[in-house]
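Hi,

Here is the structure I promised to pass on. Have a look at it first, and my notes on what turned up follow below.

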Amino acid sequence: MTSADTQIIETGRLANASQQEAIDSNVSAWVSASAGTGKTKVLTERVLSLLLSGCPPQKILCLTFTKAAAAEMESRVFRYLGDWVILDDEELENRLSQILGMPPEAYHMTRARRLFAQVLETPGGMHIETIHAFCQSLLRRFPLEAQMSPHFTLVDERHAAELLDTAKEQILATARSGENDALADALKEITQHVHETGFPDLLTSLASSRGRLRRLLNRHGGLAPTIAATRALLGVDETETPECLFEDAVSDGAHDLLGLKLAAEILSGGAKTDKENGLKIQTWVDSANRDIFAFENYADVFLTAKRGSGPIEIRKRLITKKLAEDHPDVVEILAQEADR
């Protein structure tokens, strides 16, 4: 608790007392809780508490991440309000006591009976919506301040995909026409590294990151300075190629070959996973042709399978527990190679 006015409730499982504190419309509350602990119930009853206290429906704003969550929230509120209209006085008093945390006054009972109709008749209804919908409404109210067209429309996923396909066709057509040599050269370079089926994904990625790319290019003053800054950051010389870097990384001098041979021998006497990894290491060490495909198979010993689509991560366990306890030196060898 930070003060009498602001209460912070943070727990894995909200107790009834803590929930009641958050529901109280007289305090400002921040609720932090894991899934399934009753957050939606607390929020719903807080809205009801605000309505019972006399807050106009149009002055309550509920924001959610998804449309489904907004619909669920709205459904719960109206379910409560609808029940209050038809319940007998005794049951209604019990229901309101649970929300208010005290026996309701006569005006609470009267207000509860009328809230369903009041909310339905509120112009525009209650504001239970997603963050995106709320932001869209703000942009529509203040388009000039946001430097946007007053009559802008949202692009749905299908329309966005169609626009991206059109842009792709325009790029390819311009490159083939010979009107833009720089674009043709760039496309020629890309096709050496990206399969045609991956080209749409590349365009989608570039489009979604266009803001960051624009800021990056503006910061360094264009594409060439940006490339130079990237090389400097990575410590890569202009004459170095991906092939040269790969050859250096997989050469004998880059490995602790003696240690890896020892690790492969020890792993061969372990569990099934140890034996499989030991064979992969031995195959790599003995290989005379270490290409990228052989490397990917070798890297599976040390790195997770997500490295092509996300951050590179070392496997949590490079050797089974029993073998690791018996051979701590092998654990260190494998850890060093994983880091490399």
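A definition to start with: the radius of gyration here is taken over C-alpha atoms, and the globule rule is 2.2 Å times the number of residues to the power 0.38. By that rule a compact globule of 340 residues would come out near 20 Å, but the protein chain has 31 Å. Along the principal axes, its C-alpha atoms fill a box of roughly 90 × 65 × 35 Å.

Before you go further, note that this is a predicted model: local features need pLDDT of at least 70, side-chain atom pairs count only at pLDDT 80 or more, and totals for chains, interfaces and linings use all residues. Residues are numbered from 1 along each chain as its sequence is written, and side-chain values use heavy atoms, with hydrogens and water left out.

On confidence, pLDDT is the predictor's own score for each residue, from 0 to 100. The chain's mean is 86, and 94% of its residues reach 70 or more.

Now the overall picture. You'll find 17 helices and four strands; these are DSSP runs numbered from the N terminus, with helices being H or I of at least four residues and strands E of at least two. Among contacts between residues at least 6 apart in sequence, 50% join residues at least 24 apart.

- Aspartate 274 sits in helix α14 (residues 272–286) and counts as buried, at 1% relative accessibility. Leaving aside neighbours within four places in sequence, aspartate 274 touches Leu267, Ile319, Thr320 and Leu323. Threonine 320 is 46 residues away along the chain, yet the two C-alpha atoms are separated by 6.9 Å.
- Glutamine 147 lies in the loop between α6 (131–141) and α7 (157–177). Its phi is near 55°, a positive value in a residue other than glycine. Glutamine 147 counts as exposed because its relative accessibility is 75%.
- Lysine 316 belongs to the loop between α15 (292–299) and α16 (321–326), and is exposed, with a relative accessible area of 91%. From lysine 316 to isoleucine 23 is 293 residues in sequence and 43 Å in space, C-alpha to C-alpha.

Cheers

Technical notes
Contact means heavy atoms within 4.5 Å. Buried means under 20% relative accessible area, exposed over 50%, partly exposed in between (1.4 Å probe, protein chains only).
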